[in-house]
Amino acid sequence: MLKNTEKPNLFKQHLVVEKAPFVQKRAELKPGWDDEELHLSFYREDRDLYALHAFVPGISVGQQARILFQLLRSSRNGMEDESRKLSDRVIRLLLAMIPADTVLTVFLALRKTRANHKHTARHILLYILNHESLPAMVRERRAIVKDILEHALGKNTARGCAAKIAEGIEDTYVYGNILKHANDASAAKEAICYLYRNETADSKVPAASGIHYSELHELYKPAIESRETPQTITATNRGDIAATLVHIYRGGENPELLKALEEYVDLESGNHPSFDGSVALVLDSSASTRGSGEREFCILSQSVALQLLLARNCANLSVHPVGGEGFPPVPEGTTDLALPLLTVLEQKPDLAVIVSDGYENTLQGDLARVLQALPGTDVETQVVFCHSKFSMSDKLTLRRPVEGIIPEFEFWHQNDFEGLLPSLFMMASGEKGAAFTKKWFSERLVILEKEVQPWTN
Amino acid sequence: MDKLIPIQSLDMSGFSFDEPQRSGAMTVVPLFGEDHPGDFILPASGLKLSGVETYGKVVLENAHPTGVCIVPLHIGYIQDQAQNHALCSSLFIGAGQKVTVKDACCVQASQGGYLEGANQWFFVLPLSLREKALELRGKEEFGKLWDHIAELNRDFGLQNRGHLEQILSRKKAYLNQYEHRFELQPGQRGALFFVKNRLAGIEIAPTEAYFKDIWKPLVCFSYGASAMLEEEVRGIKEAYAAPLSGSNLAELKESLFQSRKDTALSVENMLRHPPKKSLSFKEEERYTNLVLSTVTNKFFSGQVVFDGETLIYASIFARKAYFA
C-alpha cells in the first residue's frame, strides 16, 4: 500500500508518463479512462491542488482532458468561493490550451454521464458560443455540437430558442438562455440556425475564416523556452557556478574565485523558488566523482553547485558528505549511500535528497535494501535521488542504484536547476510539500494566464 | 630448485584491510600499508616501451637515473601503429637499463588489429588468460596465446579469433567503468579481488604510487573482464544479502550493520582458510636484495617479490581449476 507521502509524487509522475487520450465513444455510457480512481482519489484529498496539477510541467493532453472533465462533472456544493474561482480559472485556461476536438469529447462525456451543474453548463456555453472558429466547428462537428448544446441548455430549451432565432425573435427567453453567453450575438445566432437547419430552410452555411477550429489551441500554448546547449561540452560551459568550482578544484581557492562563486550563486538563487522546510542532502563526494581528463571535477562541481543553491533557497539544509570533506569537498573515499541516508533520516527532514554519480560500492545494493525496508518503518520523509552527470548524453547503465524504488532526477547543466528545484520541493512530504506545491502551481497559473491570455476569459 | 612453502608465509601482517567494496559480480578488499623503502619506478607511466623488434620481442627501457622497475606480471601494451603485446612474466629493470623481452605474447593474430588514433595505454591480461601466459613464460612463440584469446572472444560472443583488442577496445566503455565502480583509496598498496564471491587475485605493490599506476589495468582489464563476463554475458545477477528488516531507523541501522558484518566475515573466512595450504616457490631473478619468484599450487599461481623477508610485490591469481 502506498504511503501518503508517496502518493502526490506518483500522481505527478502519472500525469506526465501516461499519455493515453481521453475517450468517449458515442455508443458508450461513460468515458474510457482506467485511471479514474487515481484522479478521484486526489480530487477528494485536495480539490484545489488537484486542479493546479493541470499545469504540471510535461503533463500530457489526455491527462489535462481528464482533469477538465473531473472539474466540470463535479458538484460545487459546499465549495468555498476561492476554490470556485480557482477551478474556473483552471477550466478557462485548459479550454484554451487543449485541442477543440478533445474539449468536445470531454463535453460529450459530460452529457453521457449526465453531469450538468450550473458551472458545467456555463463553461460549455461560453466555450461553444464564443469559439473563434465557431463556423468551422459547427460545420464539421454539427452533430456533437448540437448534442452538447442541448445537454447544457436542456433539449426543449435549446430547440425552443433555435426556433425563435430562426424566426428572428430575440426575446428575454432567447437572451437569458443563450445570447447572454455570447460576445458576438449575430455569430452565435448564425451558428444556432445552422445547427438546427432543416433541409428546406434557407440557412446559410457559416463562412469559414481564420485559423481552423481544431488548431486554435496552438495560439494559446505557453512558449517553450529554447535553451542554448553548447555543441561541445567542456568543463567550464556547464554553468557559471560549476565552472568556478572547477577552477577552485584545479588551482585552489583564491579571493577572486570565491567572490565570483558567491555572486553567481546569488544571481542564480533569485531565479528559483524558496522552500520553507528542511532538506537533508546526502552529497556523494567519493573518489569516482572526481572524474578524469577533461571531465575532471565536473560532476562533483555541479553537485556542489546544487548544494549551494539549496543552501540559499531552503529554510534549513543539512549536508552529509559521502567521501571527502571540506569545502568544496575533496573527491575521495568509497561510496556508502545507505548508512548516511539512515543517519540523515534520524533528523526527520521534510525531504532527503541523494546527489550522486550513481556508483554505489559500499555495498552495492544496500541503498536499495534500505529504501525497500523504509515503508515498514515509521519514517515519513520522502527520499529522492539526483543523478549528477557530465552531459545530457551520459548513460546511466550500471549506476542506477534506486531504479524503480524512489523518484529519480538528472542534471548536468546549471539550467537544469530551473525545473529541478521546484520538482524536488514538491516532493517534500507532509504540509511543507503540499504548501509549496500549491504556492508554486498558483504562481504558475498566474504566469500561464499572462502568457497564454486565453480567449475563454 | 622449487621450494614448498605454506601460504601463511606470504606475510601480510604489514598490511591493513578496509571494508570490502562490492559492485556486480566483483568485490574488492583494499590493502593499506606504508610504502616500502626504496626507489621503485612506476610500472606503466615510468617505464618506456621503446619498441617492438619483431613479433614477440618487445624492448622496455628504464630511462631513470636511479630506481628499479618491477615490471608487473602480465602487463600489456596497446599502441597505435604497432602490434599489441603482453608479457608472460614479471622482471626487474634497473636504472638506465634497456631489456629485450623475447617471450612476449602478441595479442593480435593478424595485421588488422591496429587501433586508430589511440595513444599508448596499458592493460593486464584478462584473468582467464593469465594461467596459460604464466605457464608459457620463456617460450619464444609470439602466437602462443592466440587460441586462448580466441576462446575468450567466443565466451564474450565475439568473433572467434586471436585478437584481444576485440574485448579491450569494443568493451572498453563497459570495462572502463570498473575504475569508477571500485574506488582507489589514499594509502592503498594493494587489493584482494573476488569474482562471484571467490578469491580471484591478490595484488600488492611496493608503493602507493606504484599501485595507483597499475590500478586501472588491473581493475578494468584483468579482473574487470572476468566480472564483465559474469555480469553481461552469463547474465549472472549477484545475489545480494537478504532484505533488511526493522520497524524503525535504529533497527534498520542494526540490520544493515549486521548484514555488512556478515559480508566482511565471509571474506575473512575465505582468506583464513585457503583451499590449498601450500605454494611451490621457484626463484626467477634477483636484483640486489629483491627476489622474484613464481608461486603455484593447484588453485593459484602468480609471482611475488621479496625484499629479504618482506613481501613487497605480489600478483597471485586464481587458476581455472579454482573456478571449476
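Is Arg369(A) buried or exposed? In this predicted model, Arg369(A) counts as buried, at 6% relative accessibility, and this arginine also belongs to a network of salt bridges that links Asp336(A), Asp366(A), Arg369(A) and Arg260(B).

**Salt bridges**

- Over all chains the count comes to 39 salt bridges, and side chains of opposite charge can pair in this way when their charged atoms come close.
- Arg369(A) forms a salt bridge with Asp366(A), with 2.7 Å between the closest N and O atoms.
- Both residues lie in helix α17 (residues 366-373) of chain A, and because they are 3 residues apart there, about one helical turn separates Arg369(A) from Asp366(A).
- Lys164(A) and Asp171(A) are joined through their side chains by a salt bridge with an N to O distance of 2.6 Å; Lys164(A) is partly exposed, with a relative accessible area of 26%, and Asp171(A) is partly exposed at 25%.
- In chain B, the side chains of Glu283(B) and Arg286(B) meet in a salt bridge of 2.8 Å, N to O, where Glu283(B) counts as partly exposed at 41% relative accessibility, whereas Arg286(B) is exposed, with a relative accessible area of 53%.

**The contact between chain B and chain A**

- The contact draws 31 residues from chain B and 33 residues from chain A.
- The two chains bury about 2700 Å² between them, of which 57% is on carbon and sulfur atoms.
- Of the area that chain B buries against chain A, Glu183(B), Leu249(B) and Arg260(B) supply 24%, more than any other three residues; Arg260(B) is also one of the members of the salt-bridge network that includes Asp336(A).
- Between chain B and chain A the count is 3 salt bridges, and Glu346(A) forms a salt bridge with Lys253(B) in which the closest N and O atoms are 2.9 Å apart.
- Across this interface there are 17 residue pairs in polar contact, both residues of each pair being at pLDDT 80 or more.
- On the side of chain B that touches chain A, the elements giving two or more residues are β3 (21-23), α5 (178-181) and α7 (249-272) of chain B.
- The most is given to that side by α7(B), with 8 residues.
- By residue class, the side of chain B that touches chain A divides into 14 nonpolar, 11 polar and 6 charged residues.

**Helix α18 of chain A**

- Helix α18 (residues 417-426) of chain A is largely enclosed by the rest of the structure, because 7 of its 10 residues are buried.
- The buried residues in α18(A) are Phe417(A), Leu420(A), Leu421(A), Pro422(A), Leu424(A), Phe425(A) and Met426(A).

**Cysteines**

- The structure holds 0 disulfides over all chains.
- For Cys161(A), the closest cysteine sulfur is that of Cys193(A), and because it is 12 Å away, it is too far for a bond; Cys161(A) counts as buried, at 0% relative accessibility.
- Cys298(A) is likewise in no disulfide, with the nearest cysteine sulfur, that of Cys386(A), 18 Å away, and Cys298(A) is buried with a relative accessible area of 0%.

Conventions:
Residues numbered from 1 in each chain as written. Chains lettered and ligands numbered in written order. Predicted model: local features only at pLDDT ≥ 70, side-chain atom pairs only at ≥ 80, totals over all residues. Heavy atoms only, no water. Salt bridge = Lys/Arg side-chain N within 4 Å of Asp/Glu carboxyl O. Buried < 20%, exposed > 50% of the residue type's maximum accessible area, 1.4 Å probe, protein only. Helix = DSSP H or I, 4+ residues; strand = E, 2+ residues; numbered from the N terminus. Contact = heavy atoms within 4.5 Å. Buried area = accessible area lost by both parts, 1.4 Å probe. Polar contact = N/O pair within 3.5 Å; in protein donor to acceptor, adjacent residues only side chain to side chain. Nonpolar A, V, L, I, M, F, W, Y, C, P; charged D, E, K, R; others polar. Disulfide = S-S within 2.5 Å.
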